[in-house]
Amino acid sequence: MQRLPGKDAGGRQKKSPPGLGAGSGNVIYYVKLRQARPADIMAELSPDGKDSFMSKRKIWISGIKDGIPIGLGYLAVSFAFGIQAEAIGLLPWQAALMSLTNVTSAGQFAALAQIAVGAPYWEIALTQLVLNLRYCLMSCVLSQKLERGAGIGHRFGIAFGVTDEIFALSSLRSGPLSPFYSYGLMTAAIPGWVLGTFLGVVSGDLLPADIVSALGLAIYGMFIAIIIPPARQDKVVLKVVLAAMLLATLFRYLPLLSEISSGFQIIIIAVAVAAAAAWLRPIKDGEDHAG
Amino acid sequence: MPDNIYLYILVMALVTYLVRMLPLTLLRREIKNVYIRSFLYYIPYATLAAMTFPAILYAASSIWSSLAGFLVALLLAYRGKGLVTVAIVACAAAFLVGLIPGV
């Protein structure tokens with residue numbers, strides 16, 4: 001089902017990015033947006049094509065604004081992490097240091113259980129590798145999305161902040177990715193992760209349990225808000241979303257599949273679905289594939 | 001308690017950073033192949049969808065409050081509401097359903 005934004009009630013049109021409301025063939029608009037910067041960013045470029053200090057700062061601030069919901073969601077999730085860290089005897093700054101240097105939820109939760117029983121270092125390293133290998137896939141996407149001319153220093157820099165949520169916002173933003181946008185997201189998100197951890201350790205029972213548990217939905221709500229609008233616009237994206245959710249359900253409940261670690265499940269599903277979509281519906285620049 | 005917690009943290013941080021950093025620094029040239037480009041284009045949607053469902057059903061304390069949050073998020077996202085609105089209202093819905101006795 002494809003509805004044109006012009007026919008929608010409730011001011012839907014205002015919210016959609018420019019150029020996305022033209023009915024069929026929206027993928028092409030995405031592709032074009034990726035190549036050409038939006039006019040407002042373009043205007044901030046100085047004549048020699050290099051971002052001026054002011055425009056870098058503006059991009060950084062827009063990243064901070066977009067990153068605030070991530071930071072709030074992190075605050076809730078890492079609060080729960082802090083409570084668990086306290087339970088195995090970590091001190092507040094130790095837990096906060098782990099959050100600051102790792103910035104990964106599943107990996108850190110898994111490590112707590114291993115640290116508690118004094119697991120060998122190689123075992124911890126292997127678990128982190130398996131649970132976090134999905135970041136490798138995300139970094140591949142970002143390596144192509146980064147604006148040309150982003151030097152190796154910036155690549156080292158943004159690598160630090162490749163999390164599920166920061167990846168979600170930076171990979172689906174239109175136009176090439178400025179490293180300063182990523183830095184903005186990190187500036188808003190990572191303090192939330194570290195502060196929540198610290199507060200969880202020192203004051204675990206300060207917040208009522210039902211509020212903490214309801215806040216666990218924040219991150220998922222954000223993911224839904226990110227993927228549903230483009231899925232409405234483009235049937236191929238909609239099928240990708242539905243197929244991935246269906247596979248994730250199978251992996252969760254079927255006997256053998258459910259024994260695969262969650263990090264690995266995500267990799268298998270994402271690679272399978274994206275490969276099938278790329279094979280069946282490759283995106284060719286300047287050519288309408290949706291017809 | 002572990003003998004050296006800081007060494008544990010260092011090992012974790014090192015592995016995690018390498019996983020994130022290597023593709024970004026090694027894959028610096030622009031990929032021209034249309035299939036690989038399309039693959040990378042679809043990856044974010046597939047990843048986020050697989051991470052969201054069915055995991056969201058276990059995000060809150062009971063499956064009913066999670067389900068309420070999920071449906072509210074779907075509805076608001078379908079109407080094009082922003083990230084913050086969707087996230088906060090979904091949490092509120094889950095919290096309110098959680099208040100119903102027996103749920």
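Chain B holds four helices and zero strands. The model is a predicted one. From the N terminus on, the order of elements is α-α-α-α. The radius of gyration of chain B is 20 Å, well over the 13 Å that the globule rule gives for 103 residues, so chain B is more spread out than a compact globule. Along the principal axes, the C-alpha atoms of chain B fill a box of roughly 55 × 50 × 20 Å. Of its 103 residues, 49% count as buried. Among contacts in chain B with a separation of 6 or more, 41% come from residues 24 or more positions apart.

Chain B also touches chain A. The contact brings together 66 residues of chain B and 86 residues of chain A. On the chain B side, the elements that give two or more residues are α1 (5-26), α2 (34-52), α3 (63-78) and α4 (83-99). The largest share comes from α2(B), with 18 residues. By class, this side of chain B has 48 nonpolar, 12 polar and six charged residues.

Within chain A, helix α4 (residues 53-87) packs against helix α11 (residues 179-202). The angle is about 20°, and the axes are 5 Å apart. Angles under 35 degrees count as roughly parallel, and α4(A) and α11(A) are therefore roughly parallel to each other. The crossing of α4(A) past α11(A) is right-handed. The residues of this contact divide into 27 nonpolar, 13 polar and three charged.

One residue of α4 in chain A was examined individually. A:D66 is placed in this helix. Around A:D66, 21 other C-beta atoms lie within 10 Å. The cut-off for a buried residue is 20 or more, so A:D66 is buried. Leaving aside neighbours within four places in sequence, A:D66 is in contact with A:L169 and A:L185. A:D66 and A:L185 are 119 residues apart along the chain, yet their C-alpha atoms are separated by 6.6 Å.

Conventions:
Residues numbered from 1 in each chain as written. Chains lettered and ligands numbered in written order. Predicted model: local features only at pLDDT ≥ 70, side-chain atom pairs only at ≥ 80, totals over all residues. Contact = placed C-beta atoms within 7 Å. Nonpolar A, V, L, I, M, F, W, Y, C, P; charged D, E, K, R; others polar. Rg over C-alpha atoms; globule rule 2.2 N^0.38 Å. Buried ≥ 20, exposed ≤ 12 C-beta atoms within 10 Å, placed from the backbone. Axes fitted to C-alpha atoms, helices over the stretch in contact; angles between N-to-C directions. Parallel < 35°, antiparallel > 145°, perpendicular 65-115°, else oblique. Left-handed = near helix turned anticlockwise from the far one by under 90°.
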